[in-house]
Amino acid sequence: MAEAKPKIRVRFYRFQNRLKERAGGAGHKGTGEIPAEILAKAQAALEEMAEDYPDWVMRLIKELTEQHRRCVDTPERRRAFFEQIHAIAHDMKGQGGTFGYPLVSAFAESLYDFTHGRASLTDNHVEIIKAHVDGIRVVITQRISGDGGEAGQALLAGLQEAIRKYKSKA
Amino acid sequence: MVEYNLDRFCILLVEDSAFIRSLLLNTLQLMGVGIVKTCDDGAQAIDFLKLVQNDPMKAGVQQVDIIISNWSMSPVDGMMLLRWVRRHKESPDRFIPFVMISGYSEPERVHEAREMGINEFLTKPFTMAAVYQKVLSIIDRPRQFVHTANYFGPDRRRQAVPHKGAERRVLTDKSPEVEVVRG
């Protein structure tokens with residue numbers, strides 16, 4: 001009796017690279033690139049959009065301010081407000097750097113870490129959140145792009161100081 | 001080196017933030033991508049992919065070549081979209097290259113996306129150069145797809161680099177338990 005064929009446990013799919021042919025022409029084998037002038041145009045478009053970013057992100061800052069106010073006014077619902085802040089911080093940390101505001105990303109990343117599901121709900125913790133929102137607002141209203149030089153460092157130091165101060169009280 | 005022309009490419013862009021969506025749309029168009037379709041979340045994207053399958057005339061495209069999707073979206077996020085594309089019987093192309101964009105940069109998140117079968121991971125905040133590199137990588141360095149009992153997606157080993165752990169790949173192309181599908 002013939003031996004039963006072993007069951008197939010792994011399948012490898014190896015297809016012809018049709019995308020490469022479509023991008024580089026039939027028979028193209030090596031690597032390719034996108035023309036430099038096209039990339040320069042894309043970079044210029046990004047820079048143009050970056051000019052609108054502060055206005056756009058201001059809406060999110062207002063929303064953060066509103067959520068912070070609710071944390072103060074309705075302490076018993078803080079967990080839900082923290083969730084909202086956490087989601088906004090997640091978006092902001094992913095955007096600031098792209099538009100030339102890495103400090104927004106840095107502040108938002110820290111804010112994101114301070115509003116996770118098990119974060120403390122004390123008044124002091126809410127103060128730490130406020131320090132973040134205030135910092136982001138300063139970065140945007142004063143258009144502190146890049147690392148912000150001395151002003152940027154001072155802002156980050158101020159945030160660290162606020163975190164240290166309110167954490168020690170918590 | 002050849003200059004690529006992406007005029008005959010169709011990219012599906014899925015991003016809930018209007019600002020980022022508009023930025024990526026502009027960028028891809030300026031890079032010369034012929035058609036860029038946009039969706040606000042994974043649910044819309046799934047509907048669109050079904051439409052391409054069932055009524056390409058109405059969809060306005062014959063096929064989607066690359067999906068670029070944000071991870072964190074509501075109600076259907078990027079991971080759910082990826083799972084649908086890779087595993088659902090209604091998926092029009094389970095092999096479609098998928099770039100996940102995410103503000104989540106934690107190693108366990110990247111690992112999770114890799115296990116679900118992404119081709120590339122683009123961390124936010126991203127640069128134009130990074131977007132360009134991811135698209136080029138998909139064109140120039142495609143990987144074979146691997147289907148095992150617990151994984152379906154692009155080969156998770158990009159390069160044949162030595163590693164210290166035990167060799168867990170005991171089967172080769174010649175093993176009777178292996179089938180190589182070419183197309």
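The model is predicted, so local features need pLDDT of at least 70 and side-chain atom pairs count only at pLDDT 80 or more, while totals for chains, interfaces and linings use all residues. Residues are numbered from 1 along each chain as its sequence is written, and chains are lettered from A and ligands numbered from 1 in the order in which they are written.

**Exercise 1. The length of a helix**

Work out what span helix H1 (residues 18-30) of chain B should have, and check it against the end C-alpha atoms.

Solution. 
- Helices are DSSP runs of H or I with at least four residues, strands are runs of E with at least two, and both are numbered from the N terminus.
- The expected span is 1.5 Å times one less than the number of residues.
- For the 13 residues of H1(B) this gives 18 Å, and the end C-alpha atoms are 18 Å apart, so the two agree.

**Exercise 2. The buried side of H1(B)**

Find which residues of H1(B) are buried and what covers them.

Solution. 
- Count C-beta atoms, placed from the backbone: 20 or more others within 10 Å means buried, 12 or fewer exposed, and anything in between partly exposed.
- The buried residues are B:Ile20, B:Leu23, B:Leu24, B:Thr27 and B:Leu28.
- Their arc around the axis (from the directions to the C-beta atoms) is only 125°, which puts them on the same side of H1(B).
- An α-helix has 3.6 residues a turn, so residues three or four places apart point the same way.
- The cover includes helix H2 (36-73) of chain A, along with strands S2 (10-14), S3 (35-39) and S4 (66-70) and helix H6 (128-140) of chain B.

**Exercise 3. A positive phi**

Is A:Arg143 buried or exposed, and where does this residue lie?

Solution. 
- A:Arg143 is not glycine, yet its phi is positive, near 50°.
- Its place is the loop between helices H5 (123-141) and H6 (149-169) of chain A.
- A:Arg143 has 10 C-beta neighbours inside 10 Å, so it counts as exposed.

Notes:
Contact = placed C-beta atoms within 7 Å.
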